[in-house]
Every structure is written in C-alpha cells, then in structure tokens.
Amino acid sequence: MQPITQAIRIRTNRTDEMEHSSPLFLTSSFCFDNAEEMRATFADETDYNIYSRFSNPNVQELVDRVCALEGAEAGYATASGMSAVFASFMALLKQGDHLLSCNAIFGSTHTVITKFLNKYGIEYTYVPAGKEDEWEQHIRPNTRMIYLETPTNPGLDIIDLEKVSALAKKHNLILNVDNCFATPIGQQPIQFGADLVIHSATKWMDGQGRVLGGVVAGRKDLIKEIYLFCRSTGPALSPFNAWVLSKSLETLDVRMERHASNAAQLAQKLEGHPKIAWLRYPFLPSHPQYAIAKKQMKNGGGLFCFELTGGLESGRKFLDALQLLSLTANLGDTRTIASHPASTTHGKLTEAERQEVGITPGLIRISVGLEHVDDILQDILQALDKC
Ligand SMILES: Cc1ncc(COP(=O)(O)O)c(C=O)c1O
C-alpha cells in the first residue's frame, strides 16, 4: 500500500460502536481485567496501554501514520517539535559525547545546543550549511551524532542528505534530520540513510495553526531509547492534539501539493522584482543548491524567502503594509504568513551568528498558504510598492 494511503487508512481498532472516524481516547490511564494482566503489562509482556504518558491509541495512530509516510521502523510523539528535538539529544547523547550540528537551524534548537547541552557535558561543533565537504574534518573520536535541517530555517539552504549520510555511516554516527520544512511528502530522509527524522507537527502536519506536537521516527533501537527517556520525563503528546494531527495527515499530500505549487508560482513571479535583492526557493534554478534539492526533494516545499533591497527599514515597512498576509510566529498554515527572522525566531542569535547563517536584517520568510495564489501575489506586490 502506498504511504499516502496508509496515512489515511491506518487507524485505531474500531470499537463496538462501529465508528468510521477514529474516536478520541481522552483518558489518562487504561484498565486491566485482572491483577495478572496488569502485572504482565507492566513487565512489558503485553503491548496494552498503561498510562497516556507512555502510550495512547490516538498518539499511536499518529505515530504509525508518520512512520508509514517516512518509511520509519518506529516512532514516538511529543508535546511539541522542541521536545522531540530535546528528547533525541538527551536519550542518545551522554556526558563527554560530541554533537556535530549544521549551523543553520531553528532558533530554539540553537538555544538547546548552545545553552543547555553543555550543562550535561555534551560538546558541539557547528559546521557550515552548503559546505558539507568540510564537515568530516570536525568529527572527533567522541562525536556521536550529526544533526541537521533541510531545507534550513529560515534561509532554505539544502543539505546533501546522501553525502552526509555516507559520512555518518563511515564514522558510525547517528544521523538525525529535522524534516519539518519538507514534510515526508516532499522528502524522506530515511531513504537517503538518515537514522532519525524529527517533525514539529505543529507546522505543515497540522497545517491549520491549531495545536502543537512533535514526532521522532526512525531506527527501532534508537526510538526505544527515546521512548524510555520520554516515558519517565513526561513530554507526552495529548490525545486530543494527536487526534487533530492524525486527521490532518489524511490531507497532507493534497495540501502540500497546493502549498508547493503556490510557493513555486510566487517565487517565479517575484524573483527579479526591483525591491528584492535576491529570492530563494529550493526549486528555482537560481537556488545555490538547486541540483541537490532536485535530487532529494519531490517538490520545493511551501516556503520561500527574500532580501529586500532596503534592508531592515524596508522590512518593517513591508510587514506593516501587508493587508492579507498574517504576521505571526508560525509557519505551515492554510493562511500565508510573513515573518522577519532576525527580530523574531532567530532574535536570540548574536548579529555575527545571524550573519554566518545568512539571516540578514532585511530577510523576509513567507510560509505560503492555500489562498488563491493571485490574492497572495497582489498583497505582496502592493506591500513591496510601499517599502
Ligand atoms: C525546523 C523547526 N524545527 C523545530 C521547531 C520546533 O517546533 P515546535 O514549535 O512545535 O516546538 C520549529 C518551529 O518553528 C521549526 O521550524
């Protein structure tokens, strides 16, 4: 069965009510018929649910659907994308280990790596996006994991998954890929050799800006460690959020097709506009890693970004002039969103760190929604006129 069919058809066991849509198992704990069954379940001799911090049917349905889409052996869902990122570090890295991370990553992930991992004696080195040939020289005897996003947030650099995966295999490292921007519809990192894939399900998976959620999927042995860490520390996803997210996966494929086609049309039409210094979209031939994007992605995704010729002041005027697009701290919604990463999501980076990863003062990131493409274009053009 095709993964997109599985993402629609995998479901919780039907109850005696014979419901068509999965019911919501809004329960903290689960009952046992007798003491022996309860003992056996706690001893891992059955796979019954015990408590929703450990597992829940709605959460499992979401995980199974994501695993089908990603081609993953196993998974675990968390309360947010960041708890999935953090759990993958804490469960798999220990004191004295070294993490090799691409430098172009989401702002909160940067904070976890630079401000918190050192409290547990875990070292890190940032390696440059777009220069994967240089990464090997930074691998140390204690390096245990390579972490990256592709496309990166917010600069939309594309990292060569095949190349980095070969490097990880050569040095016996875990390759951990945040696949939030591409979604499994656009790219399946496990196909290229990734060991783990992370999602902020809050973004395209929900797709309507309603709930937070995260998923980590991949190798069974690694997921087991993550599960054991999460089951005791408690970043569990709520059954309600899992139910919402799981229903959303049924439409992920058709939504991403439209998000990507809207984004591609807008990127083509806006590239070369006199108020835009440069524009980046993975499937535009002008993208510096266009060939890699074409090799590993099925579409260019729903995001593009551009630098205004007038820098920071133009950026402010542009955002203030928008009438239809939303100014909000999210992406991957039905509604198109404009954001200014330097003053928001990546505001905690130093100026030098921002410059290093291409977050310039006039950088605008557009998360393209499902509105009619002409309406989105009109709003962007009229705002460009005013800045
Ligand atoms: C690439 C990426 N990874 C992880 C996250 C964190 O996800 P969440 O906000 O669900 O914790 C985000 C949030 O914007 C993101 O863009």
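Predicted model: local features only at pLDDT ≥ 70, side-chain atom pairs only at ≥ 80, totals over all residues.
Residues are numbered from 1 along each chain as its sequence is written.

**The seven-stranded sheet**

Helices (H or I, at least four residues) and strands (E, at least two) are DSSP runs, numbered from the N terminus. Two strands pair if DSSP finds at least two bridges between them. Seven strands make an open sheet with mixed pairing, in the order β1-β7-β6-β5-β4-β2-β3. Its edges are β1 (74-78) and β3 (123-127); each has a single partner strand, so one side of each is left without a neighbour in the sheet. From one strand to the next, the twist averages 20°.

Helix α3 (residues 57-70) packs on this sheet and touches β1, β6 (196-200) and β7. Contact means that the C-beta atoms of two residues, placed from the backbone, lie within 7 Å. The direction of α3 makes about 130° with that of β1. For such angles, axes are lines fitted to C-alpha atoms, for helices over the stretch in contact, and values run from 0 to 180 degrees between N-to-C directions.

**A buried loop residue**

Thr152 sits in the loop between β4 (143-149) and α6 (161-170). A residue is buried if 20 or more other C-beta atoms, placed from the backbone, lie within 10 Å of its own; it is exposed at 12 or fewer and partly exposed in between. Thr152 counts as buried because it has 22 C-beta neighbours inside 10 Å. Leaving out residues up to four places away in sequence, Thr152 touches Cys102, Ala104, Ile105, Ala129 and Asp157. Thr152 and Ala104 are 48 residues apart in sequence, yet 5.9 Å apart in space, C-alpha to C-alpha.

**The five-stranded sheet**

Another open sheet has five strands in the order β8-β9-β12-β11-β10, again with mixed pairing. Here β8 (276-280) and β10 (326-327) stand at the edges with a single partner strand each, so one side of each lacks a neighbour in the sheet.

| Strands | Sense | Bridges | Facing residues |
|---|---|---|---|
| β1 and β7 | antiparallel | five | Gly75 and Ala217 |
| β9 and β12 | antiparallel | five | Phe306 and Ile364 |
| β11 and β12 | antiparallel | three | Ile337 and Ser367 |
| β10 and β11 | parallel | two | Ser326 and Ile337 |

Helix α12 (residues 311-321) lies across β9, β10, β11 and β12 (363-367), at about 125° to β9.

Strand β12 is largely enclosed by the rest of the structure, because five of its five residues are buried. In a regular strand the side chains alternate between the two faces of the sheet. In β12, both faces are covered. Leu363, Arg365 and Ser367 are buried on one side, and Ile364 and Ile366 on the other.
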